[in-house]
Amino acid sequence: MFGDSARWAARLLALICAGSVFLPVGARADDLSDGRFRDAVIKQIRIRRPDVAIDLNADPAQLGIGTQTLDLTNLHQHVRGLTEAERRREVDEFLGLAFAKAGPVPEPADFAAIKGRLRVQLVPDEILQQNPQLAHRRFSETLHVVYVLDESRRYQYVTREMIAGWHVDPAVVEATAVRNLAGASKDVPFQLVVADRTPVAALAREDDNYALARLLVPDWLEEIRKALKADGITLAGPTRNLLMAWPADSPARRELAAEATTQMRAGPYGRSDELFRFDRGGLRPLTAAERADHGR
């Protein structure tokens, strides 16, 4: 291994950056993450439906119209590279489908009919402050478990009223949502960072919006733990689409913990710089002593 932990940490972070996992802040300021694409979509909504209520939340890739929340990630990827006229046509078609589905009774009444679309998410406090009607439970100091109905062109948060209408226990909703995410995660890769033939970190950077939520998928976390050849690993999910992991006793643990904070602040879709431990006993937040050991 390297001679001292400072040089070891510097080499590790250089390896991570060389792998293009972490992009410079400027490179992230695309028109989706800084809200310009959402603003353009809103302009087209105003032309089509000037009377509709539009709700904005902390996520620049999402907006609420009427009774539903639209996720613009897939749409943005689809129109990237098109001419301005082509973009407008595609966005207008997207909005046509969205408004067609935004009827006066949006909540599916039959749990059996929607359970295959359920997914679980982890969101920070501000999302709940903006949407107090959401069904949720606290996950950690700064994060909450919520549930979504996920389709290719629609992304709808599950409310307490919807669960009441399904006549199912909230625990069943969560178990179903986690199971669905676990099934969708089986082939999701992570990048293993190796130094001197030793695995030193793992990073999952996915644009499917569920990288952070995979903290709730123990089988997937176990794959990471085994790949890192560690009894216990430390995990951080600084953004919705980035999960970081390293051996709990890594010589670079302080530097990696600091990098998690940097990534959360840089965004996009910042979530939390909390640190978690995963081992054979499951997932839990770091203790005060463990946080101190990571420079917190």
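Predicted model: local features only at pLDDT ≥ 70, side-chain atom pairs only at ≥ 80, totals over all residues.
Which residue in strand 11 is the bridge partner of Leu203?

Residues are numbered from 1 along each chain as its sequence is written, and side-chain values use heavy atoms, with hydrogens and water left out.

Strands here are DSSP runs of E with at least two residues, and helices are runs of H or I with at least four, both numbered from the N terminus. The open sheet has three strands in the order 1-2-3, paired antiparallel; two strands pair if DSSP finds at least two bridges between them.

Within strand 2, Leu63 is the bridge partner of Leu56.

Next select residues 36-48. This is helix 2, lying across strand 1 and strand 2 at about 15° to strand 2. Angles run from 0 to 180 degrees between N-to-C directions of axes fitted to C-alpha atoms, for helices over the stretch in contact, and contact means heavy atoms within 4.5 Å.

Six strands form an open antiparallel sheet in the order 8-9-11-10-12-13. Its edge strands are strand 8 (191-195) and strand 13 (282-285).

Select 198-205 and 242-247: strand 9 and strand 11 are antiparallel, with four bridges. Here Leu203 has Met244 as its bridge partner.

Finish with residues 253-266, helix 10, which lies across strand 10, strand 11 and strand 12 and runs at about 175° to strand 11.
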